[in-house]
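My entries follow in the order in which I made them.

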Amino acid sequence: MGDLKQAPVTPGLSFDFAALPPAARYKLLTGLVVPRPIALVTTISPAGVVNAAPFSFFNTFAQEPPLLVLGMDARPGGEMKDTLANIRQNRAFVVHLVDEDSARDMNDCAIDFPSAIGEPAALGLALAPGTHGPVPRLSAAPVAMECRQVTTLNFGPMRDLVIGEVLALHTRAGIIDADTLRTDYEVFKPVGRLGGTFYSFQNQRFSMERESYAAYVARTKAPAPEDGPA
């Protein structure tokens, strides 16, 4: 191996997660892995109550098949949350992305309403019927993804990971260019989840093109590797 570049190291903090309680791990992870996208998830109960709840342990991770994952914890007493119970019941849910206009509604959906009271009905959030499943979507949401549950992985009494396949995607007018499928970020203004009670705007952006190794060598005048096996 070649010589590694040595830089002065400022002493910092190290954490052995095996020695930390879950609350401390949560504080570190949610404070540092930022900004996180927010999923505002609608589900429907066997009694027909439409539930809406936000989750920021969430992301997409494949396009073929189109998959996303939701990390769900239980209530402090270990009781399953309505969202997971409803998904297990009918294997369908809708993930809405959150923008500046819908941030307040998302935060209100985190209120601990009783299971018999649906957040959209309580908060006056209009619904549109699902096109690929029984769960309605929030009409005003900038982006809505209708999903079916592929599988749920359980990691103990307090944690489940729901993997869903995206069956349909709906956007507010102007967000997606119909010809190029590119997103207009002057129209779609997402917010990100930080730690604690903090959120972030995403209104300052920059662009970087990904270059080839040949272009990197030409730009930096780095010596090209010798031919042959490493």
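I began with the pairing of β4 and strand β9 (residues 159-171), which run antiparallel over seven bridges. I took two strands as paired if DSSP finds at least two bridges between them. Helices (H or I, at least four residues) and strands (E, at least two) are DSSP runs, numbered from the N terminus. Within this pair I noted that Leu68 is opposite Gly164 of β9.

The model is a predicted one, where local features need pLDDT of at least 70 and side-chain atom pairs count only at pLDDT 80 or more, while totals for chains, interfaces and linings use all residues. I number residues from 1 along each chain as its sequence is written, and side-chain values use heavy atoms, with hydrogens and water left out.

Next I followed β4 to its other listed pairing. Strand β3 (residues 58-63) pairs with strand β4 (residues 66-73), also in the antiparallel sense, through five bridges. I looked up Gln63 and found its bridge partner in β4 to be Pro66. As a reminder to myself, side chains in a regular strand alternate between the two faces of the sheet.

Then I turned to a helix. I located Asn86 in helix α2 (residues 82-90). I logged Asn86 as buried because its relative accessibility is 6%. The classes are buried under 20% relative accessible area, exposed over 50%, and partly exposed in between (1.4 Å probe, protein chains only). Which residues does Asn86 contact, leaving aside its neighbours within four places in sequence? I listed Thr43, Ile44, Ser45, Pro46, Asn51 and Arg91, with contact meaning heavy atoms within 4.5 Å.

My next entry concerns a loop. Ala140 sits between β7 (137-138) and β8 (143-154). I logged Ala140 as exposed because its relative accessibility is 58%. From Ala140 to Ser102 I read a C-alpha separation of 7.9 Å, with the two residues 38 apart along the chain.

I ended with the cysteines. How many disulfides are there? With a disulfide defined as a pair of cysteine sulfur atoms within 2.5 Å, I counted zero. The sulfur of Cys109 has its closest cysteine sulfur in Cys147, at 17 Å, so it is too far for a bond. I found Cys109 buried, at 2% relative accessibility. Cys147 is buried as well, at 5%.
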